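Have the model open beside you while you read.

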Amino acid sequence: MDTDYKCWFDGATHQKNPASLLGYGTVIKKGDHTIRESCGPMHEHGTNNSSEYRAVIDILDYFENQEGLEITILGDSQLVIKQLSGQWAVKKGVYKTYALEALSKTSILQKSNKISFQWVPREHNKRADELSKLALKLQRSKNYLYELI
């Protein structure tokens, strides 16, 4: 259908968790066509969960002010998927601020769109993973690339 989107996300940290070098990657497809790939660094201390949530926020921001869409957000983080789908509560952690922002944006978008979250195995999330690691490399080299397509 012309209003169906599938979106993949992933986050990465450099060497240790928590870390001060974080990156995220996203892929948005409409049908068989990739319409957007993005990656970005995070400039604060956080965890891999923080970067995973930042990737979801990037996806949600892309669809801001759009209506009548069916958006499936896929990732290999059970924590993020289960918290955003309401199966698990957001309790505490370095990532909590990002989780609450993602929940708020999801709630707003769900007023005029159908949004679902789905866990996928790591091997089905390869491109978003590559992009999150690219964000780390770009940050280490002081280059910043956000949107690839």
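Glutamate 37 has a relative accessibility of 11%, so it counts as buried (buried is under 20% relative accessible area, exposed is over 50%, and partly exposed lies in between, using a 1.4 Å probe and protein chains only). This is a predicted model, where local features need pLDDT of at least 70 and side-chain atom pairs count only at pLDDT 80 or more, while totals for chains, interfaces and linings use all residues. Residues are numbered from 1 along each chain as its sequence is written, and side-chain values use heavy atoms, with hydrogens and water left out.

What does glutamate 37 meet in a salt bridge? Its partner is arginine 127, at 2.9 Å from N to O (a salt bridge here is a side-chain nitrogen of Lys or Arg within 4 Å of a carboxyl oxygen of Asp or Glu). That pair links distant parts of the chain, with glutamate 37 in strand β3 and arginine 127 in helix α4 (residues 126–140), 90 residues apart. Helices (H or I, at least four residues) and strands (E, at least two) are DSSP runs, numbered from the N terminus. Arginine 127 is partly exposed, with a relative accessible area of 36%.

The structure holds five salt bridges, so let's look at another one. Arginine 36 and aspartate 58 meet through their side chains at 3.1 Å, N to O. Arginine 36 lies in strand β3 (residues 33–42) and aspartate 58 in helix α1 (residues 48–62), so this pair ties together parts that are 22 residues apart in sequence. Both arginine 36 and aspartate 58 are buried.

Since aspartate 61 lies in α1 and lysine 105 in helix α3 (residues 96–109), the pair ties together parts that are 44 residues apart in sequence. Aspartate 61 is partly exposed at 31% relative accessibility, and lysine 105 is partly exposed at 23%.

Now follow α1 itself. Its buried residues include Ser50, Tyr53, Val56 and Leu60. Serine 50 has 0% relative accessibility and touches Met42, Val94, Tyr95 and Tyr98, not counting residues up to four places away in sequence (contact means heavy atoms within 4.5 Å). The end C-alpha atoms of α1 are 22 Å apart, which agrees with the 21 Å that its 15 residues should span at 1.5 Å a residue; the expected span is 1.5 Å times one less than the number of residues.

Next comes the sheet. Five strands form an open sheet in the order β3-β2-β1-β4-β5, with mixed pairing. The edge strands, β3 and β5 (114–119), each pair on one side only. Even so, seven of the ten residues of β3 are buried, so the strand is largely enclosed by the rest of the structure.

Which way do β2 and β3 pair? Strand β2 (residues 22–30) runs antiparallel to β3 over nine bridges (two strands pair if DSSP finds at least two bridges between them). Along this pairing, valine 27 stands opposite glutamate 37, and lysine 29 has threonine 34 as its bridge partner. The hairpin has two residues between the strands, and glycine 31 takes a positive phi near 65° there.
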